[in-house]
Amino acid sequence: MPANKQRPYHHGDLRRSLIRAGTKMIEEKGLDGLSLREVARAAGVSHTAPYRHFRDKADLIAAIAQKGFEQLTADATAAAGCHAKNPHEQFVAASVQYILFGVRQPRMAHLLFGGVINMKTAPRSLKAASWAAFQLVETIIDSGKESGVFRDRDTMELAVATWSGIHGLAQLISGGYLTRLAATERQVETLGKMVCELLLSGILKPEQGSG
């Protein structure tokens with residue numbers, strides 16, 4: 001092979017390398033520190049190489065977000081899978097994993113849920129990845145309803161209430177508002193489980209007998 005001939009990239013390797021480099025850059029510097037030129041440098045390729053796979057910076061960000069959603073869904077699914085046929089434990093395990101994701105990767109969580117991306121105009125593959133994360137919650141709730149563990153109410157309503165609660169907790173922890181209660185990952189897990197149990201049971205006091 002001629003000495004001046006560059007080694008061709010295997011199809012997909014360059015794209016994956018750029019996404020990995022961009023993800024690391026976001027985690028270390030935030031979105032403001034991300035650029036195609038810097039990502040190319042971090043991946044060890046020419047500054048024009050990213051344009052083989054991404055039209056612009058927004059296109060790269062969408063791809064990074066898609067991978068983020070896929071990671072979140074995979075982690076939560078694996079956590080729930082440790083409690084087969086137990087919707088209660090699946091609910092708690094998946095929810096705690098979601099919270100840990102937000103705490104461990106706050107900048108990625110901000111990218112996914114902080115309004116950075118307009119989901120109305122996002123690529124179809126990104127929309128599908130984000131929806132899959134929500135569908136996992138719905139699947140667990142449906143399983144709980146079928147087994148009689150969860151109340152028989154619209155699944156979407158229950159899923160939205162659930163996701164709102166655990167997302168809010170993740171935001172509070174990563175924002176530094178609960179440092180006394182969640183200074184370590186063990187404390188985060190403990191607090192997450194407690195909040196999940198309250199979400200399951202509700203905070204409304206049972207009605208007292210009229211007599």
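Contact here means heavy atoms within 4.5 Å, and buried means under 20% relative accessible area. With that settled, here are the close-ups of this predicted model.

**View A. What sits over the buried side of helix 5.** Helix 5 runs over residues 106-113, and its buried residues include Met108, Ala109, Leu111 and Leu112. Look down the axis of helix 5 and these buried residues fall within an arc of 155°, so they line one face of the helix. Just past the end of helix 5, Gly115 has a positive phi of about 80°.

**View B. Thr23, a residue of helix 1.** Helix 1 spans residues 13-29, with Thr23 in it. Is Thr23 buried or exposed? Its relative accessibility is 17%, so Thr23 counts as buried. Setting aside residues up to four places away in sequence, Thr23 touches Ile64 and Met108. Met108 is one of the buried residues of helix 5.

**View C. Leu111 and its contacts.** Which residues does Leu111 touch, leaving aside neighbours within four places in sequence? They are Ile26, Leu31, Ile61, Ile64, Ala65, Val116 and Ile117.

**View D. The largest nonpolar core.** This core has 57 residues, and the ones touching the most other members are Leu34, Leu60, Ile64 and Leu111. At least two residues of the core come from each of helix 1, helix 2 (36-43), helix 3, helix 4, helix 5, helix 6 (124-146), helix 7 (155-174) and helix 8 (185-201). As background, nonpolar side chains tend to be buried together in soluble globular proteins.

**View E. The largest pocket.** Its volume comes to about 430 Å³. There are 17 lining residues, and Arg151, Leu158, Leu199, Leu200 and Ser201 are the closest to the pocket's centre. Helix 4, helix 7 and helix 8 each supply at least two residues of the lining.

View F. Across the chain, pLDDT averages 90, and 92% of the residues score at least 70. Where pLDDT is low, the predicted coordinates should not be read in detail.

Note on methods. Residues are numbered from 1 along each chain as its sequence is written. Side-chain values use heavy atoms; hydrogens and water are left out. Helices (H or I, at least four residues) and strands (E, at least two) are DSSP runs, numbered from the N terminus. Buried means under 20% relative accessible area, exposed over 50%, partly exposed in between (1.4 Å probe, protein chains only). The arc is that of the directions from the helix axis to the C-beta atoms. A nonpolar core is a set of buried Ala, Val, Leu, Ile, Met, Phe, Trp, Tyr and Cys residues joined through side-chain atoms within 4.5 Å. pLDDT is the predictor's confidence in each residue, from 0 to 100. On a 1 Å grid over the protein atoms alone, a cavity is a set of points where a 1.4 Å probe fits but cannot get out, and a pocket is an open set with protein on both sides within 12 Å along at least five of seven lines; lining residues have an atom within 4 Å of a point. Grid points are joined across faces, edges and corners, and a volume is the space filled by probe spheres set on the points.
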